[in-house]
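Hi,

Here is the structure I promised to pass on. Have a look at it first, and my notes follow below.

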Amino acid sequence: IFREFPLNDVDLAAVMVARCAPQDKYFPLLDIYFEQQETWTKGNPRDELFKIAQLAGFTRESFDTCLKNEEVAKGILAARERAEGEFGVDSTPTFFINGEILRGVETLDEFKKMIDAALAA
């Protein structure tokens with residue numbers, strides 16, 4: 001299960017835009033945001049996020065409307081608070097494999113080791 005965990009207001013804006021996109025554009029848009037994170041986190045993040053959002057069909061109006069949607073923001077932040085409070089998530093990426101936590105960027109071998117152990121149990 002993929003869960004959003006924005007670390008700051010700029011990350012929150014990116015996640016909000018992905019949530020406002022059509023469902024079939026959600027993950028492709030997030031993929032681009034992750035790939036181009038160095039670009040949109042510098043300078044004017046709002047303009048850079050909008051440039052990317054246009055690829056998913058956003059207009060300036062739909063983009064601005066999305067970023068003003070308090071319900072979307074509150075939902076994302078509530079999920080983040082739950083992750084922190086109930087599961088101890090405090091950084092990204094964080095993975096759970098059969099209840100075991102794996103923090104940070106790990107190798108495929110490390111994931112395989114944890115998954116194999118979970119399957120053997």
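Let me start with aspartate 47: at 31% relative accessibility, this residue counts as partly exposed (buried is under 20% relative accessible area, exposed over 50%, partly exposed in between, with a 1.4 Å probe and protein chains only). Before I go on, note that this is a predicted model, where local features need pLDDT of at least 70 and side-chain atom pairs count only at pLDDT 80 or more, while totals for chains, interfaces and linings use all residues. Numbering runs from 1 along each chain as its sequence is written, and side-chain values use heavy atoms, with hydrogens and water left out.

Back to aspartate 47, whose side chain meets that of arginine 60 in a salt bridge at 3.5 Å, N to O (the rule is a side-chain nitrogen of Lys or Arg within 4 Å of a carboxyl oxygen of Asp or Glu). Arginine 60 sits in helix H5 and aspartate 47 in helix H4, so the pair ties together parts 13 residues apart in sequence (helices are DSSP runs of H or I with at least four residues, strands are E runs of at least two, and both are numbered from the N terminus). Arginine 60 is partly exposed too, at 34% relative accessible area.

The salt bridge count comes to 11. Among them is arginine 82 with glutamate 86, closest N and O atoms 3.3 Å apart; both lie in helix H6, four residues apart, about one turn of the helix. Arginine 82 is partly exposed at 40%, whereas glutamate 86 is exposed at 54%.

Now the inside. The largest nonpolar core has 25 residues, and Met16, Val17, Leu29, Tyr33, Leu49, Phe58 and Phe63 have the most contacts inside it (such a core is a set of buried Ala, Val, Leu, Ile, Met, Phe, Trp, Tyr and Cys residues joined through side-chain atoms within 4.5 Å). H1 (9–20), H2 (26–35), H4 (45–53), H5 (60–67) and H6 (70–87) each supply at least two residues of this core, and H1 gives the most, with seven. Leaving aside neighbours within four places in sequence, methionine 16 is in contact (heavy atoms within 4.5 Å) with Cys66, Leu67, Asn69, Val72, Ala73 and Ile76.

A polar atom of the threonine 94 side chain lies 2.6 Å from the backbone oxygen of serine 91.

Cheers

Methods
Polar contact = N/O pair within 3.5 Å; in protein donor to acceptor, adjacent residues only side chain to side chain.
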